[in-house]
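Hello,

Here is the structure I promised to pass on. My notes follow below it.

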Amino acid sequence: GLAQTCGQTHCAEDPSKTLSQAGDAARQIHQIDGEATVDAAIGDVLAARHNNSGAKHAYLQSAALWRQIPNSSELAAVEAGMARLDDRQGQLLAARLEIYDALRAIEASRAHIDSDALRTSYFTSKRSYYDLAVNVLMQLNRISPQHGYAAEAWTVAERARARTLLDDLQEGRQEETSVSGRQLQQENAVLELKVHDTEDRL
């Protein structure tokens, strides 16, 4: 919406003012999710305009509100925004912690989605977060190769791949009738163990 458009182009008016007014209105009626959404949008605008300190402040406010609600999916987006911001500034250790928080929030949110198709779609929409995690870890590995960041990066990539395979298998279970239900359950169990194993390493 307004935040993305004005963040990427030069708006005639500063969208931060409009967004701040929207945030004030949300606070007056105690609409916490509205406040959190506005703070995240302000963070996006300021990050796009390279106002790093302002963006970080807005993101932190948004994250605190999403935790209060709670809303894991929106929290993941904000944590990823902070990770991208810190990655851009070379604050790689901070970016690592933030993107891990985002990945944990994704998994928490995904666990509450009942539909296999929607789980697959949701994970696909968040795949870039795993790519960001791998990128941050590989940068850290180039700086400090002795700290095992390359192994961490491999674990994150493997976790994403295993999750994708698991979702594909679960979705295929509804479509593929030539494979026995027992075989699918066994394959599903193996992949679940693989996903949880990679999660435990992080």
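**Salt bridges and cores**

Glu152 is buried, at 15% relative accessible area (buried is under 20%, exposed over 50%, partly exposed in between, with a 1.4 Å probe and protein chains only). Its side chain meets that of Arg96 in a salt bridge, 3.1 Å from N to O (a side-chain nitrogen of Lys or Arg within 4 Å of a carboxyl oxygen of Asp or Glu). This pair links distant parts of the chain, with Glu152 in helix 9 and Arg96 in helix 6, 56 residues apart (helices are DSSP runs of H or I, at least four residues, numbered from the N terminus).

Please keep in mind that this is a predicted model, where local features need pLDDT of at least 70 and side-chain atom pairs count only at pLDDT 80 or more, while totals for chains, interfaces and linings use all residues. Residues are numbered from 1 along each chain as its sequence is written, and side-chain values use heavy atoms, leaving out hydrogens and water.

The whole structure has 10 salt bridges. Another joins Arg119 and Asp116 at 2.1 Å, N to O, and both residues are buried.

The largest nonpolar core has 25 residues (buried Ala, Val, Leu, Ile, Met, Phe, Trp, Tyr and Cys joined through side-chain atoms within 4.5 Å). Helix 6 gives the most to this core, with eight residues. Tyr130, among the residues with the most contacts inside the core, touches Leu103, Phe123 and Val156, among others, leaving aside neighbours within four places in sequence (contact means heavy atoms within 4.5 Å).

Best wishes

How values were computed:
Helix = DSSP H or I, 4+ residues; strand = E, 2+ residues; numbered from the N terminus.
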